[in-house]
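Subject: Structure handover

Hi,

Here is the structure I promised to pass on. Have a look at it first, and then read my notes below.

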Amino acid sequence: YLFCDISRLGMDSMTFSKRLLEEKEVAVVPGGPFGEERYVRISFAAGLDVIEEGLRRIREWAGGL
């Protein structure tokens with residue numbers, strides 16, 4: 001797992017997670033339940049091709065905010 005700081009994107013972790021799932025079909029876990037509202041948790045329990053595509057989508061989406 002990796003915890004990523006999303007504080008510069010101007011939204012809480014739940015909003016970030018919901019929007020990313022709805023807009024790019026990428027699932028991350030909000031950090032709030034872990035006590036870190038400024039972070040999301042990303043799992044790397046998938047094949048490398050799936051991980052690379054998910055990261056590409058996150059980068060593309062976050063870059064457009």
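**Helix α2 and its neighbours**

The buried residues of α2 pack against α1 (13-24) and β3 (39-42), where contact means heavy atoms within 4.5 Å. Before I go on, some ground rules: this is a predicted model, in which local features need pLDDT of at least 70 and side-chain atom pairs count only at pLDDT 80 or more, while totals for chains, interfaces and linings use all residues. Residues are numbered from 1 along each chain as its sequence is written, and side-chain values use heavy atoms, with hydrogens and water left out.

The helix and strand names are DSSP runs numbered from the N terminus (helices: H or I, at least four residues; strands: E, at least two). Helix α2 covers residues 48-63, 16 residues in total, and reaches 22 Å from its first C-alpha to its last, close to the 22 Å expected at 1.5 Å a residue. That expected span is 1.5 Å times one less than the number of residues.

Which residues of α2 are buried? They are I51, G54, I58 and W61. These residues cover an arc of only 100 degrees around the axis, which puts them on the same side of α2; the arc is that of the directions from the helix axis to the C-beta atoms. On the face turned away from the buried side you'll find the exposed residues L48, D49, R59 and G63. Buried here means under 20% relative accessible area, exposed over 50%, and partly exposed in between (1.4 Å probe, protein chains only).

S17 sits in helix α1 and counts as buried, at 7% relative accessibility. Leaving aside neighbours within four places in sequence, S17 is in contact with V28, V29, P30 and V40.

I6 is in the loop between β1 (2-5) and α1, and is buried too, with a relative accessible area of 4%. Again leaving aside neighbours within four places in sequence, the contacts of I6 include M11, F16, Y39 and V40. I6 and Y39 are 33 residues apart in sequence, yet their C-alpha atoms are 5.5 Å apart in space.

**Salt bridges**

How many salt bridges does a search of the whole structure find? The search finds six, counting a side-chain nitrogen of Lys or Arg within 4 Å of a carboxyl oxygen of Asp or Glu.

One of them joins E60 and K24, with the closest N and O atoms 2.0 Å apart. E60 lies in helix α2 and K24 in helix α1, so this pair ties together parts that are 36 residues apart in sequence. E60 is partly exposed, at 43% relative accessible area.

Another is between E53 and R57, with the closest N and O atoms 3.0 Å apart. Being four residues apart in helix α2, E53 and R57 are separated by about one helical turn. Both count as partly exposed, E53 with a relative accessible area of 30% and R57 with 24%. Salt bridges that share partners join K24, E53, R56, R57 and E60 into one network.

R38 also forms a salt bridge, with E36, and there the closest N and O atoms are 3.6 Å apart. R38 is partly exposed at 43% relative accessible area, and E36 is partly exposed at 33%.

Over to you!
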